[in-house]
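Subject: Structure handover, salt bridges

Hello,

Here is the structure for your files. My notes on its salt bridges follow below.

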Amino acid sequence: TAMIHITRRERFNAAHRLFRHDFTDEQNLEVFGKCSNPNWHGHNYELFVTVKGNIDDNTGFLVNLKSLSKIIKQFIISKLDHKNINLEVDFMDGKLASTENLSVGIWNELNPQVRQLGADLHCVKVVESENNFVEYYGS
């Protein structure tokens, strides 16, 4: 059977602020720019979850995309959509709310769930804006 990659896209809207508690507002502004705005800012994010594995001879699928979508919505989107990443997202607690850290956090949440579907997580891609995205392939 053939090894294949398949990707599911989901969307969410969330607010965050890039800052360190141990920095002054001036230091935060210098390091993080306008993303350190004390009143938060938001993005319409896109999330691409790519899984890999072998095609099942019985179904012709690697995984059922409805099942993958359900897992992403339950474990990720429900926690992030219309939320403040700094304050309300359990798997980001105590972490700087960068898109880099967010992609690692999403990977860590999804990895065991994807394995239960009989596939391996290949890549978590988080698109923050038209020009910026992060891809994480595990550690």
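How many salt bridges does the count come to? The total is 8 salt bridges, each being a side-chain nitrogen of Lys or Arg within 4 Å of a carboxyl oxygen of Asp or Glu.

Before the details, some ground rules. This is a predicted model, where local features need pLDDT of at least 70, side-chain atom pairs count only at pLDDT 80 or more, and totals for chains, interfaces and linings use all residues. Residues are numbered from 1 along each chain as its sequence is written, and side-chain values use heavy atoms, with hydrogens and water left out.

Start with Glu10. Its side chain pairs with Arg8 in a salt bridge at 2.8 Å, N to O. Glu10 also bridges to Lys73, at 4.0 Å, N to O. Helices (H or I, at least four residues) and strands (E, at least two) are DSSP runs, numbered from the N terminus.

Glu10 is buried, at 7% relative accessible area. Arg8 is partly exposed at 27%, and so is Lys73 at 42%. The cut-offs: buried is under 20%, exposed over 50%, partly exposed in between (1.4 Å probe, protein chains only).

Next, Glu109 and Lys79. Their closest N and O atoms are 3.3 Å apart, a salt bridge. Glu109 lies in helix 4 (residues 99–116) and Lys79 in helix 2, 30 residues apart. Glu109 is partly exposed at 21%; Lys79 is partly exposed at 22%. Shared partners join Arg8, Glu10 and Lys73 into one salt-bridge network.

Best wishes
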